[in-house]
Amino acid sequence: MSTSNPVLDQHMPAADVSSSRSKLEIVPRRVKFDYSDFDNLFYYAGNSCISSMWVTLSATFPAGEGEFIKSVKLFENQIRDPKLKAEVRDFAIQEAHHSLQHRQINKMFEDLGYQVAKLNVSFKDELAKREQKWSPEKRLAQTVCAEHVTAVMAHHALTHPEHMANFPESFRNLFLWHAIEEIEHKSVAFDVYMECVGDIKLLHKQYKNFTRFEFPFSIWMGSRFLLKELGHKVTWKERKELWSSLYGKGGLISDMRSLYKQFLRKNFHPWDHDDSALVEEWKEKLAPHFVDK
């Protein structure tokens with residue numbers, strides 16, 4: 001009796017064809033940043049909205065990237081392409097070190113007064129519920145969506161470093177290093193999904209929900225929670241500056257809207273947008289922060 005699955009088999013490559021379309025080597029790096037340069041609760045030009053937004057984003061990374069690793073590894077035994085298998089290993093190492101660095105800076109945020117630990121508990125509880133309720137296919141689809149959004153944000157960071165001029169140097173370098181590695185492995189989860197699942201309808205459904213509702217709502221609610229715990233009353237000036245940073249000229253959302261939308265294009269692949277030269281440029285600039293193994 002045949003044990004092949006015709007639904008999966010139509011998406012799986014022949015033995016001599018790699019299902020990985022990565023254009024860069026995925027290089028796990030050790031880095032060291034000194035976060036002692038934070039001396040202000042609202043470190044981003046005194047703006048509480050923008051400052052808390054980036055704190056919220058950092059707070060989501062340890063648990064979030066842990067879920068990225070787990071959701072991809074759920075399919076590890078189904079991957080037939082040796083190159084993709086190796087990339088999954090390096091992807092997991094990169095993500096684990098991202099989690100480590102963000103745990104360190106999140107502790108610093110906690111020391112400043114942000115209730116990051118409480119926020120992280122809430123986020124971890126939500127992920128634990130998903131582990132029980134969501135299928136492995138849906139969890140992997142969610143990771144693919146989040147990885148694309150992260151890669152788009154990474155591209156924005158590397159092409160608009162001036163937007164992080166108000167960050168303390170350590171935080172700026174943390175995000176720039178993180179951006180490099182997010183771009184390096186931006187197609188790994190996608191390639192695993194296409195080889196092992198291949199359900200485009202599910203992927204597009206998850207993407208629309210994630211980008212239009214879940215991601216912006218979770219960041220907004222997290223920022224709101226942090227500021228409420230601080231007892232800080234946001235001013236209209238701060239709100240206006242936040243809106244401009246997201247939707248103004250060169251803003252995070254307005255500047256990257258076309259790349260966000262590419263995901264829903266027929267036959268899309270993350271490396272349709274090739275930013276490998278950008279990564280090479282920033283690897284040289286950040287080399288002093290890389291620690292030899």
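Biologist: In which helix do E126 and R130 both lie?
Modeller: This is a predicted model, in which local features need pLDDT of at least 70 and side-chain atom pairs count only at pLDDT 80 or more, while totals for chains, interfaces and linings use all residues. Residues are numbered from 1 along each chain as its sequence is written, and side-chain values use heavy atoms, with hydrogens and water left out. E126 and R130 are 4 residues apart, about one turn of the helix. Helices (H or I, at least four residues) and strands (E, at least two) are DSSP runs numbered from the N terminus, and the helix holding this pair is α4.

Biologist: How far apart are the closest N and O atoms of E126 and R130?
Modeller: A salt bridge requires a side-chain nitrogen of Lys or Arg within 4 Å of a carboxyl oxygen of Asp or Glu. E126 and R130 form one, with a distance between the closest N and O atoms of 3.4 Å.

Biologist: Is R130 buried or exposed?
Modeller: Buried means under 20% relative accessible area, exposed over 50%, and partly exposed in between (1.4 Å probe, protein chains only). E126 has 35% and is therefore partly exposed. R130 has 15%, so this residue counts as buried.

Biologist: How many residues apart in sequence are K70 and E131?
Modeller: The side chains of K70 and E131 meet in a salt bridge, 2.7 Å from N to O. Because K70 lies in helix α2 and E131 in helix α4, the pair ties together parts whose separation in sequence is 61 residues.

Biologist: Which parts of the chain does the pair of D272 and R21 link?
Modeller: D272 forms a salt bridge with R21, the closest N and O atoms being 3.8 Å apart. The two residues are 251 residues apart, and the distant parts they link are the loop between α10 and α11 (276–286), for D272, and for R21 the loop between α1 (6–9) and β1 (30–31).

Biologist: Which residues are linked with R21 in a network of salt bridges?
Modeller: The whole structure holds 18 salt bridges. R21, at 45% relative accessibility, is partly exposed, and D272, at 36%, is also partly exposed. The network joins R21 to R265 and D272.

Biologist: Which helix gives the most to the lining of the largest pocket?
Modeller: A pocket is an open set of points on a 1 Å grid over the protein atoms alone, where a 1.4 Å probe fits, with protein on both sides within 12 Å along at least five of seven lines; lining residues have an atom within 4 Å of a point. Of the 33 lining residues, P216, I219, W220, L246 and Y247 lie nearest the centre. Helices supplying at least two residues each include α9 (236–247) and α10 (252–262). The largest contribution, 12 residues, comes from α8.

Biologist: What is the volume of the second largest pocket?
Modeller: T60, F123, R130, E214 and S218 lie nearest the centre of this pocket. The elements that give two or more residues to its lining are α2, α4 (116–133), α5 and α8. With grid points joined across faces, edges and corners, a volume is the space filled by probe spheres set on the points. For the second largest pocket the value is about 850 Å³.
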